[in-house]
Amino acid sequence: VQLQASGGGLVQAGGSLRLSCAASGRTFSGYDMGWFRQAPGKEREFVAVIRRSSGIIQYAPSVKGRFTISRDNARNTVYLQMSSLKPEDTAVYYCAAAAIFIPIPTSIDYWGQGTQVTVSS
């Protein structure tokens with residue numbers, strides 16, 4: 001699976017952005033899809049996941065209530081709608097695909113290239 005993330009940018013605190021991740025290659029619907037992020041000097045951390053068959057969604061506590069993950073299997077795309085953004089959300093955001101997605105980086109089978117999100121105060 002090849003993953004291409006887009007939609008990052010610079011936004012003021014309180015603003016919104018929508019990230020997209022388009023997949024190609026193997027069957028998109030056969031993977032759990034999610035997002036991680038990595039801020040400078042910090043480890044890559046889990047943000048959100050949407051399961052492939054059940055559609056069950058999980059969020060990191062730091063983004064719950066502000067971010068919304070969704071997927072469109074017909075378009076082979078996963079989205080991350082981010083609202084009420086805070087400066088601490090500043091990071092490179094990576095989309096990720098896994099046959100069995102556990103919220104740790106070592107569980108991921110495929111990574112996108114990352115897209116920068118910068119939130120100014």
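**Entry 1: the sheet**

Before looking at any sheet I wrote down what pairing means here: two strands pair if DSSP finds at least two bridges between them. I also noted that this is a predicted model, so I keep in mind that side-chain atom pairs count only at pLDDT 80 or more.

With that settled, I looked up the sheet and found four strands in the order S1-S3-S8-S7, forming an open sheet with antiparallel pairing. Its edges are strand S1, residues 2–6, and strand S7, residues 67–72, each of which pairs on one side only. I then looked up how neighbouring strands of this sheet lie against each other, and on average they are turned by 15°, with direction ignored.

**Entry 2: the disulfide**

I reminded myself that a disulfide is a covalent bond between the sulfur atoms of two cysteines. How many disulfides does the count come to? The count comes to one disulfide, and the residues joined are Cys21 and Cys95, with an S to S distance of 2.1 Å. The pair links distant parts of the chain, since Cys21 belongs to strand S3 (residues 17–24) and Cys95 to strand S9, 74 residues apart. For the link of Cys21 and Cys95 I noted 55° about the S-S bond and a right-handed form. Cys21 and Cys95 are both buried.

**Entry 3: the aromatic rings**

Next I turned to the rings, and the structure holds six aromatic pairs. I took Phe46 and Phe101, whose ring centres are 6.2 Å apart and whose planes stand at 65°; because planes over 60 degrees apart count as edge-to-face, this pair is edge-to-face. Phe46 lies in strand S5 (residues 45–50), while Phe101 lies in the loop between strand S9 (91–98) and strand S10 (110–111), so that the pair links distant parts of the chain, 55 residues apart. I found both Phe46 and Phe101 to be buried.

I then looked at Tyr94 and Trp111, an edge-to-face pair with 6.2 Å from centre to centre and 85° between the planes. Tyr94 is in strand S9 and Trp111 in strand S10, 17 residues apart, and this pair too is described as linking distant parts of the chain. Is each of these two residues buried or partly exposed? Tyr94 counts as buried because its relative accessibility is 14%, and buried means under 20%. Trp111, with a relative accessible area of 30%, is partly exposed. Taking these residues together, I noted that Phe36, Phe46, Tyr94, Phe101 and Trp111 form one aromatic cluster.

**Entry 4: charges over rings**

Staying with Tyr94, I looked for a charge over its ring and found the charged end of Arg44, which sits 3.7 Å from the ring centre. Elsewhere I noted Arg71, which lies over the face of Phe28 at 4.6 Å from the ring centre.

**Entry 5: a serine in a loop**

Last, I looked up Ser107, whose place is in the loop between S9 and S10. Ser107 has a relative accessible area of 13% and is therefore buried. What lies 3.0 Å from a polar atom of the side chain of Ser107? I found that it is the backbone oxygen of Ile104.

Definitions and conventions. Residues numbered from 1 in each chain as written. Predicted model: local features only at pLDDT ≥ 70, side-chain atom pairs only at ≥ 80, totals over all residues. Heavy atoms only, no water. Helix = DSSP H or I, 4+ residues; strand = E, 2+ residues; numbered from the N terminus. Axes fitted to C-alpha atoms, helices over the stretch in contact; angles between N-to-C directions. Phe/Tyr/Trp six-rings, centres within 6.5 Å; stacked < 30°, edge-to-face > 60°. Buried < 20%, exposed > 50% of the residue type's maximum accessible area, 1.4 Å probe, protein only. Lys NZ or Arg CZ within 6 Å of the ring centre and 35° of its normal. Disulfide = S-S within 2.5 Å. Polar contact = N/O pair within 3.5 Å; in protein donor to acceptor, adjacent residues only side chain to side chain.
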